[in-house]
Amino acid sequence: MRTMVVILVAAASACGQDSKPPSEEAKLADQLNALAAEAVRAHQARKYADAVDQWRQALEIVQKLYPPITHPKGHVNIARAWSNLAKSLSAWGQHEEALRAHQQTVAIFRKLYPPADYPAGHAEFAAALSNVANTLHALGRPEQALEYSQESLEMRRKLYPAAKFANGHSELAAGFNSMGFTLVAMGEADRALEYFEQNLAMCQKLYPPSKSPDGNSQVAIALGNMGFVLRAMGQPERALEYFKRSVEMRR
């Protein structure tokens with residue numbers, strides 16, 4: 001799962017007004033900020049049940065701050081609250097509930113970032129699609145995950161084109177990785193190989209020896225993933241070489 005996005009709402013702008021909001025709205029904004037901070041701390045402490053409870057309370061508050069009557073498409077903070085709730089649910093092992101929460105995030109982003117206004121998509125939208133794919137993986141439904149992995153990857157290709165990002169981008173590399181694991185789970189390791197190769201090549205460009213003389217954790221992971229897919233393809237000798245390189249870099 002991707003890193004949580006902390007929801008912080010400024011009391012003076014909670015409802016999009018320049019003037020000072022009513023005291024009740026200011027109180028709600030303060031409660032939301034406090035709950036979000038507590039939820040993140042609980043999640044980091046692996047107290048997932050507590051984190052879920054706090055995110056649910058935060059979600060109720062953020063929905064009051066951005067009601068449908070004034071925000072018919074939803075609001076980014078509502079989407080983030082659903083996403084953070086889903087991540088704590090997943091960490092707690094409640095994958096079915098997490099899936100429904102991630103799908104709520106995607107539904108809001110589809111309204112907030114339509115192709116007509118955002119032809120390249122949006123970074124948080126792409127991450128939300130990837131989160132749905134990851135959760136479907138956890139539920140053992142890779143065929144359904146493929147659709148979301150593909151959509152996320154295509155969006156990231158548009159967001160991080162080679163013309164602007166000569167060495168690639170970490171989010172695009174993550175998209176290649178997600179596609180690779182989806183295809184392996186579907187029993188299509190041969191197709192997955194090219195995505196893991198692209199992930200490794202991009203990570204090596206992003207974190208070259210000149211910048212990371214002792215190696216980089218993302219490169220080490222990419223090497224390990226190459227070993228994983230080659231082993232799945234029935235090529236243990238080649239897989240072993242990548243595993244060795246990954247272990248040596250981690251050392």
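Reply: Start with a cut-off: buried means under 20% relative accessible area, exposed means over 50%, and partly exposed is what falls in between. Note also that this is a predicted model.

Me: Why is phenylalanine 228 called partly exposed?

Reply: Its relative accessible area is 28%.

Me: Why does alanine 42 count as buried?

Reply: Alanine 42 has 8% relative accessibility. The buried class is under 20%, so alanine 42 belongs there.

Me: Where is alanine 42 found, and what does alanine 42 touch?

Reply: Alanine 42 is part of helix H1, residues 23–44. Leaving out residues up to four places away in sequence, alanine 42 touches Lys47, Asp50, Ala51 and Gln54. Contact here means heavy atoms within 4.5 Å.

Me: How far apart are alanine 42 and serine 170?

Reply: In sequence, 128 residues. In space, 27 Å from C-alpha to C-alpha.

Me: What makes arginine 46 exposed?

Reply: Arginine 46 has 68% relative accessibility. The exposed class is over 50%, so arginine 46 counts as exposed. Arginine 46 sits in the loop between H1 and helix H2 (48–65).

Me: What is the phi of arginine 46?

Reply: Phi is near 65 degrees, a positive value in a residue other than glycine. Most residues other than glycine have a negative phi.

Me: How many aromatic pairs are there?

Reply: The count comes to six aromatic pairs.

Me: Why is the pair of phenylalanine 181 and phenylalanine 196 called edge-to-face?

Reply: The ring centres lie 5.1 Å apart and the planes meet at 85 degrees. Pairing needs centres within 6.5 Å, and edge-to-face needs planes over 60 degrees apart. Both conditions hold, so the pair is edge-to-face.

Me: Which parts does this pair tie together?

Reply: Phenylalanine 181 lies in helix H7 (residues 170–185) and phenylalanine 196 in helix H8 (residues 189–206), so the pair ties together parts 15 residues apart in sequence. Phenylalanine 196 has 0% relative accessibility and so counts as buried. Phenylalanine 181, at 31%, counts as partly exposed.

Me: What makes the pair of phenylalanine 181 and phenylalanine 228 tilted?

Reply: The planes of phenylalanine 181 and phenylalanine 228 are 40 degrees apart, with 5.3 Å centre to centre. Stacked is under 30 degrees and edge-to-face over 60; the rest count as tilted. Tilted is therefore the label for this pair. Phenylalanine 228 lies in helix H9 (residues 217–232) and phenylalanine 181 in helix H7, so this pair ties together parts 47 residues apart in sequence.

Me: Which residues form one aromatic cluster?

Reply: Phe109, Tyr113, Tyr118 and Phe125.

Me: How many helices and strands does the protein have?

Reply: Ten helices and zero strands. Buried residues make up 45% of its 251 residues. The C-alpha atoms fill a box of roughly 65 × 40 × 40 Å along the principal axes.

Me: What share of contacts joins residues at least 24 apart?

Reply: The share is 61%, among contacts between residues at least 6 apart in sequence.

How values were computed:
Residues numbered from 1 in each chain as written. Predicted model: local features only at pLDDT ≥ 70, side-chain atom pairs only at ≥ 80, totals over all residues. Heavy atoms only, no water. Helix = DSSP H or I, 4+ residues; strand = E, 2+ residues; numbered from the N terminus. Buried < 20%, exposed > 50% of the residue type's maximum accessible area, 1.4 Å probe, protein only.
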